[in-house]
Amino acid sequence: MRDKIMMALAGLAALIIVWVLHTILWQVPDEKNQGAIFRIIYFHVPSAMTAAACALAAFVASVLYLVKRNLSYDAIAVAVTEGALLFGAVVLVTGMIWARIIWGIWWTWDARLTSMLVSWLMYAGYLMLRRAVEEPTERARNSAVLSIFIFPGVYITWKSIEWWRTQHPGPVLSIRQGGGMAPGMESPIYVNLLALLCLAAVLVMLRYNQELRRRELDSLRRTAHAMI
Amino acid sequence: MKFLRQVVAVFLKDLRAEIRNKEAINASLAFAVVILLLFSFAFDPTAEQTREISGGLLWLVFAFAGALILNRSFARELTNDCLDALVASPVPGAALFLGKALANYLLLLAVEAICLPVFGIFYNMRWTAQVGLLTAILLLGTWGITVIGTMFSALTVNLRLRELMLPMLCYPIMIPCLLPAIQLSTVVIAGQPLGPEMQQGFRLLVGFDVIFTALALVLVDTVLVG
């Protein structure tokens, strides 16, 4: 059943992405000031939202683990954290390509870019901490605490374009009290967000299954060792 | 009231242990002075440049030197299973954490108090223009470093790669605290007035301290006891 849901979600994501690519490449006109490169927003912004959703899920799963002490919440937390890292990397790379064209530089140390990179690095640190701890419950506990500590950084990243004057564009979308885009130009962002969320869900489910199986293998190995 | 007494007991115990063998504070102080020297060789700054980088220079030194003190904070308790004894004692985790954090705070402030005149001498800087404000920034920024550092010291105490993991996990999380501290210190040391943007820096510092102190107090029991 779970496999079928995953296949369905992956198929849905693929279909939507094809539709989005068709729409943004053939139907949406070039932007007045930026030209063709502005189309990167249709992947940059939804990826950022997906990464933020994954980070929020990691926070919730970590809190739930600490409350319920059920290791499957820990498995969810790893899976969504890896999702956050993946989509975060997409955000950083697409942003850098856009910046190279529009600003003429790959990177600048403004509040948005810095906080995003720092959050990304902290989640990478989360995975490194997991590798350093051998005992499963101690690993789950410590990494859950770390994940909770990382989350305020994600919130800072989200709010940074409102709190500081950044080189990164301020809020654009109308849902965030931005100026909004011309009619018809904004909707593919939300449609692509749906596609990327489906994709993230598929990846998270895949990693979750792997994580459960690895834990099973681990415990089997321990039992085998104990019997010898 | 009982909680406060417990905090003070842990605080005094840590401070006494440190004053008797001076392990962490000596290492930290020597390290801080060495970095100050190295920076001076590495950049050979003019007076104008020094004024521009003073905040960053000082806070990097404090953060690096702080890691040495914070690393020892819980690692010191590993010998003879002292940590288990502490956890088993009737002191709650939050009191244990607060006592240790306060001891680290005082030690780190002592290191900073020695570093500042050294910095003033080696770099020919008059840093005393706005001592009151500078002290406020130091107190707030150092508490941020200490809270995060002490918490992560507890988190990484059982790891093989403890010395490596602590700075790797700490420094990125400290950035929202270090950044305003650096900017504010640069302005204050140069003797310039604080603009409205700088006041936002103070808000960020206070917010960081409050949020992470609260988080640490809530979560430290889980880390120590399980």
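Q: Which residues in H2(A) meet which residues in H6(A)?
A: From H2(A) come A:Ile41, A:Tyr42, A:Phe43, A:Val45, A:Pro46, A:Ser47, A:Met49, A:Thr50, A:Ala53 and A:Cys54, and they meet A:Pro188, A:Ile189, A:Asn192, A:Leu193, A:Leu196, A:Leu197 and A:Ala200 in H6(A). Contact here means heavy atoms within 4.5 Å. By class, this contact has 14 nonpolar, 3 polar and no charged residues (Ala, Val, Leu, Ile, Met, Phe, Trp, Tyr, Cys and Pro count as nonpolar, Asp, Glu, Lys and Arg as charged, and the others, Gly among them, as polar). Please keep in mind that this is a predicted model, where local features need pLDDT of at least 70 and side-chain atom pairs pLDDT 80 or more, while totals for chains, interfaces and linings use all residues. Residues are numbered from 1 along each chain as its sequence is written, chains are lettered from A and ligands numbered from 1 in written order, and side-chain values use heavy atoms, without hydrogens and water.

Q: Why are H2(A) and H6(A) called oblique to each other?
A: Helix H2 (residues 41-68) and helix H6 (residues 187-227) of chain A pack at about 45 degrees, with axes 8 Å apart. Under 35 degrees would be roughly parallel, over 145 roughly antiparallel and 65 to 115 roughly perpendicular, the rest being oblique. H2(A) and H6(A) are therefore oblique. Helices (H or I, at least four residues) are DSSP runs, numbered from the N terminus, and the axes are lines fitted to C-alpha atoms over the stretch in contact, with angles from 0 to 180 degrees between N-to-C directions.

Q: What makes H2(B) and H5(B) roughly parallel to each other?
A: Helix H2 (residues 23-43) of chain B crosses H5(B) at roughly 25 degrees, their axes coming within 10 Å. That angle puts H2(B) and H5(B) in the roughly parallel class. By class, their contact has 13 nonpolar, 1 polar and no charged residues.

Q: How do you know that A:Glu211 forms a salt bridge with A:Arg207?
A: The closest N and O atoms of A:Glu211 and A:Arg207 are 3.1 Å apart, and a salt bridge is a side-chain nitrogen of Lys or Arg within 4 Å of a carboxyl oxygen of Asp or Glu. Both residues lie in helix H6 of chain A, 4 residues apart, about one turn of the helix.

Q: What makes A:Tyr65 buried?
A: A:Tyr65 lies in helix H2 of chain A, and its relative accessibility of 4% makes it count as buried. Leaving aside neighbours within four places in sequence, A:Tyr65 is in contact with residues including A:Thr137, A:Ala140 and A:Ala144.

Q: What is the distance between the closest N and O atoms in the salt bridge of B:Glu77 with B:Lys100?
A: They are 2.7 Å apart. The pair links distant parts of the chain, 23 residues apart, with B:Glu77 in the loop between H3 and helix H4 (82-88) of chain B and B:Lys100 in helix H5 (residues 93-122) of chain B. B:Glu77 and B:Lys100 are both buried.

Key:
Helix = DSSP H or I, 4+ residues; strand = E, 2+ residues; numbered from the N terminus. Buried < 20%, exposed > 50% of the residue type's maximum accessible area, 1.4 Å probe, protein only.
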